[in-house]
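Work through the exercises below with the coordinates open. Try each task before reading its solution.

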Amino acid sequence: MVIVGAGEAGTAGAIALREGGWRGPVILIGNEAMLPYERPPLSKSILIEEMNPGPKLLVTPKRLAEFAIDYLEGRNVERIDRAAHTVTLSDGAQLIYERLLLTTGARPRKLSVSVAPGSRIATLRTYADALAISRIVRRGCELVVIGGGFIGLEVAASAVSRGASVTVVEVGPRLLTRAVPAPIAELIRAKHERAGVCIETGAIVEGIEANERRAKVVLADGRTHLADLVLVGVGAVPNVELAQAAGLAVDNGIVLDETLTTSDPHVFAAGDCCSFPHPLYGERIRLEAWRNARQQGAAAAANMLGANRPYENVPWFWSDQYDETLQIAGLCREEYVPVARSLGPKGQLFFYLAADGRLVAACGFGCLGSIAKEIRFAEMMIGRRLAPKAEALADPAVNMKSLLV
Ligand SMILES: Cc1cc2nc3c(=O)[nH]c(=O)nc-3n(C[C@H](O)[C@H](O)[C@H](O)COP(=O)(O)OP(=O)(O)OC[C@H]3O[C@@H](n4cnc5c(N)ncnc54)[C@H](O)[C@@H]3O)c2cc1C
């Protein structure tokens, strides 16, 4: 069993192969020259803490040895030969596979501006990126974040709490347009502004002039923002080139069927790099979320061993913004009917009902304990395709658990 990509999905897949009883070789190949680590802390603790806390490892060398996982680090898989069942590595080595799992993840989308190498412009995906940002972002530093999505806002929150002065420039009419309903996005904006972050929506970046010491962001209306660092957080693109070159079907991600199998029955995929059909939404989706990567890696591994189980876990995402959490279960879509539940000072929730009354999504922002509990029950209802009454959802006195029938 060969796994390409040693991130959340690949590492979970490798471990699940062993837990699923596979006794043959498990080879995990990653192109970063370090042990597999978690990405969520890169925009949070690693940027906030003065003393670098180091990467949060997904697996230790001891665990790799216990699971007899052969981890090849710092090596890129350059080519897949599906007819010969081989992969070729950057060091020229060739490995034969019986089943192949692709977990190549995603990379930051780039702005179409050309800047000199070494300029004060950053993106954030890897531990190395986080270290480079954390060296610059500290008290007194000026940071401009391009993009009011999750990564940009988390970096803004971390930077401002470290004493930096932060401006977020977002082209859309509001923050978090892709995944978060407008009223919750407003609460998040207010939280950032109270913390001192300057947020400009509807702002079009026309160019960036940067060198190795300073950067200048030029907006379409002629205004400029000077910065010690510009963080570009304008989304991610799936790493599909390897799959594409091997002739696998690709369409906004490596195309999978419900069992996470690619267009080749010997090749599976999981995590940020793939798109898969979701039975709850009747459509093909691609998720960039920590829990999905982990669960999908394990589910793909089970199917590599012949389980043949459809993957239908409810999408779930969280983001930390200051001392509050945002959690989303399901997919929030404009066509769904929103139902608000206020938890007072502990936070605000919105539930979303489909036309047939089914609960299909929930989104909450506030104090971790309260939000996590309610979203967890909502997630269970979504998975069970329940249609709770809107009045009950709206009433904070009604225990969410009681609606799980
Ligand atoms: C800064 C940051 C903060 C985040 N915060 C949150 C959060 O708060 N909540 C949440 O739900 N999600 C969060 N996420 C998203 C979550 O981390 C990702 O969804 C998850 O890491 C995806 O896992 P993956 O295994 O699919 O891909 P990745 O973790 O990207 O792993 C893929 C690995 O494959 C390697 N690779 C690619 N091509 C090759 C090749 N040809 N050969 C060898 N190796 C290759 C890549 O270099 C990478 O190491 C965050 C992501 C980032 C970047």
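**Exercise 1. With which residues is Lys-44 in contact, leaving aside its neighbours within four places in sequence?**

Solution. Start with the ground rules. This is a predicted model, in which local features need pLDDT of at least 70 and side-chain atom pairs count only at pLDDT 80 or more, while totals for chains, interfaces and linings use all residues. Residues are numbered from 1 along each chain as its sequence is written, and side-chain values use heavy atoms, with hydrogens and water left out.

Step 1. Locate the residue. Lys-44 sits in the loop between strand 2 (26-29) and helix 2 (45-48). Helices (H or I, at least four residues) and strands (E, at least two) are DSSP runs, numbered from the N terminus.

Step 2. Apply the contact cut-off: heavy atoms within 4.5 Å. With the sequence neighbours within four places set aside, Lys-44 contacts Glu-154, Ser-158, Trp-318 and Asp-320.

Step 3. Classify Lys-44. Buried means under 20% relative accessible area, exposed over 50%, and partly exposed in between (1.4 Å probe, protein chains only). Lys-44 has a relative accessible area of 13%, so Lys-44 is buried.

**Exercise 2. Describe the surroundings of the ligand.**

Solution. Step 1. Count the shell. The ligand is surrounded by 35 residues, and the closest are Asn-31, Glu-32, Arg-39, Lys-44 and Arg-125.

Step 1. Asn-31 places a polar side-chain atom 2.5 Å from an oxygen atom of the ligand. For Arg-39, the distance from a polar side-chain atom to a ligand oxygen atom is 2.7 Å. Arg-125 also has a polar side-chain atom 2.7 Å from an oxygen atom of the ligand.

Step 2. Compute the cover. Alone, the ligand exposes 990 Å², and the protein buries 93% of that. These areas come from the Shrake-Rupley method with a 1.4 Å probe.

Step 3. At least two shell residues come from each of helix 1 (8-19), helix 5 (150-161), helix 8 (290-304) and strand 22 (316-321).

**Exercise 3. Which residues have the most contacts inside the largest nonpolar core?**

Solution. Step 1. Set the rule. A nonpolar core is a set of buried Ala, Val, Leu, Ile, Met, Phe, Trp, Tyr and Cys residues joined through side-chain atoms within 4.5 Å.

Step 1. Take the largest set. It has 123 residues, and Val-87, Leu-102 and Val-166 have the most contacts inside it.

Step 2. Beyond four places in sequence, the contacts of Val-87 include Val-2, Ile-29, Val-77, Ala-93 and Leu-100. Arg-79 and Gln-94 are also among them.

Step 3. Check for another set. A second, separate core has 12 residues, including Ala-210, Ala-215, Val-217 and Leu-219.

**Exercise 4. Is Thr-325 buried or exposed?**

Solution. Step 1. Locate Thr-325: strand 23 (residues 324-330).

Step 1. Read the accessibility. Thr-325 has a relative accessible area of 2%, so Thr-325 is buried.

Step 2. Find its side-chain partner. Thr-325 and Asp-320 are joined through their side chains by a polar contact of 3.5 Å. A polar contact is a pair of N or O atoms within 3.5 Å; within protein, one must be able to donate a hydrogen and the other to accept it, and residues adjacent in sequence count only if both atoms are side-chain atoms.

Step 3. List more neighbours. Not counting residues up to four places away, Thr-325 touches Trp-318, Gly-364, Phe-365 and Leu-368, among others.

**Exercise 5. Examine two non-glycine residues with positive phi.**

Solution. Step 1. Take Ala-68. Its phi is positive, about 50°, although Ala-68 is not a glycine. Ala-68 lies in the loop between helix 3 (61-66) and strand 3 (69-72). Its relative accessibility of 46% makes Ala-68 partly exposed.

Step 1. Take Leu-176. Its phi is near 50°, again positive. Leu-176 lies in the loop between strand 11 (165-169) and helix 6 (182-194). Leu-176 is buried, at 5%.

Definitions and conventions: A residue is near a molecule or strand if one of its heavy atoms lies within 4 Å of it.
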